Amino acid sequence: MIALKNIEKYYDTKGVKSYILRHITTTIKQGEFVSIMGPSGAGKSTLLNVLGMLEDPTYGQYEFMGANVTSLNERKRMDLYRNHFGFVFQAYHLIDEMTVAENIEAPLLYKNVGSAERKSRVAEMLDRFQMVAKKDLFPNQLSGGQQQLVGIARAVVAQPTIILADEPTGNLQSIQALQIMDLFKKLNQEDGITIIQVTHSEANAAYGSRILHLLDGVIEEDVKVLTTS
Ligand code: ADP
Ligand code: MG
């Protein structure tokens, strides 16, 4: 599904290049659950942003579902982005002035999904994420864990092929983090959604099937997670 070939990203400051990503070459298959780990500043978020088409690499080739992303025109790239990607952020990025239900509905408005279909998909998400009773509350009336559930529901409602999550449990207590990881595992195993998450936690990474260790912009290690169950 994803092929990165010799991806490089650097910033040029007065002729001095500072590299953020170097020689990133890897493939990710549909249905994988990949965790990206590494110290702060290693380039994890940048790699995730490149994968999500939010940032362009300076050099190299990115292929997504057979399309050469680096040479796509803006409209085609936007189509890919809207039809396939869901994002989950550490700080949730919910809209404060909108209720839970409205936050979940928002991506469907961008995709021009009709009103009846929107209502039914939002209801399905509220039900699935056990947020029916909270649908008319605003984000600041929810715990962090509940806000992240809304963040994930908002990603899932658009029926993404792949979810990219940047430290999705970074602001959560461990019990809430467990709930979020269980949910990711279900979305991966039952819904077949490919998941790529950045995490600092070995325990979170163990939910996935593979770990990429990033150091100074380089993939230092690429290991399969051994499942015990
Ligand atoms: P991580 O998510 O692993 O902590 P990032 O991908 O956010 O790392 O950043 C990697 C490095 O790139 C950091 O050293 C950061 O300072 C640098 N960086 C990120 N964005 C820019 C930018 N716009 N200009 C210059 N350097 C940047
Ligand atoms: Mg980061």
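Biologist: What makes the pair Arg-210 and Glu-32 a salt bridge?

Modeller: The closest N and O atoms of Arg-210 and Glu-32 are 3.1 Å apart. A salt bridge needs a side-chain nitrogen of Lys or Arg within 4 Å of a carboxyl oxygen of Asp or Glu, so the pair qualifies. Arg-210 is in strand 9 (residues 210-215), and Glu-32 is in the loop between strand 2 (16-28) and strand 3 (33-37). The two are 178 residues apart, and the pair links distant parts of the chain. Helices (H or I, at least four residues) and strands (E, at least two) are DSSP runs, numbered from the N terminus.

Biologist: What rules apply to the model itself?

Modeller: This is a predicted model: local features need pLDDT of at least 70, side-chain atom pairs count only at pLDDT 80 or more, and totals for chains, interfaces and linings use all residues. Residues are numbered from 1 along each chain as its sequence is written, chains are lettered from A and ligands numbered from 1 in the order in which they are written, and side-chain values use heavy atoms, without hydrogens and water.

Biologist: Why is Arg-210 called buried?

Modeller: Its relative accessible area is 10%. Buried means under 20%, exposed over 50%, and partly exposed in between (1.4 Å probe, protein chains only). Glu-32, at 14%, therefore counts as buried too. Glu-32 and Arg-210 also join Asp-222 in a network of salt bridges. The structure holds 11 salt bridges.

Biologist: How do you know that Glu-105 and Lys-119 form a salt bridge?

Modeller: Their closest N and O atoms are 3.3 Å apart. Glu-105 belongs to helix 3 and Lys-119 to helix 4, 14 residues apart. Glu-105 has a relative accessible area of 13%, so it is buried.

Biologist: Why is helix 3 said to be largely enclosed by the rest of the structure?

Modeller: Count the residues. Eight of the 11 in helix 3 (residues 100-110) are buried, so the description holds. Among them are Val-100, Asn-103, Ile-104 and Leu-108. Their cover includes helix 4 (115-128) and helix 5 (144-156). Asn-112 follows helix 3, with a positive phi near 55°.

Biologist: What makes Thr-99 buried or exposed?

Modeller: Thr-99 has 10% relative accessibility, so it counts as buried. Thr-99 is in the loop between strand 6 (85-89) and helix 3. Leaving out residues up to four places away in sequence, it touches Lys-135, Asp-136, Leu-137 and Phe-138; contact means heavy atoms within 4.5 Å. The side chains of Lys-135 and Asp-136 form a salt bridge, N to O, at 3.3 Å. Lys-135, at 33% relative accessibility, counts as partly exposed.

Biologist: How do you know which residues are around ligand 1?

Modeller: One of a residue's heavy atoms must lie within 4 Å of the ligand. The residues around ligand 1 include Tyr-11, Ile-20, Gly-43, Lys-44 and Ser-45. Helix 1 (residues 44-51) gives the most to this shell, with three residues.
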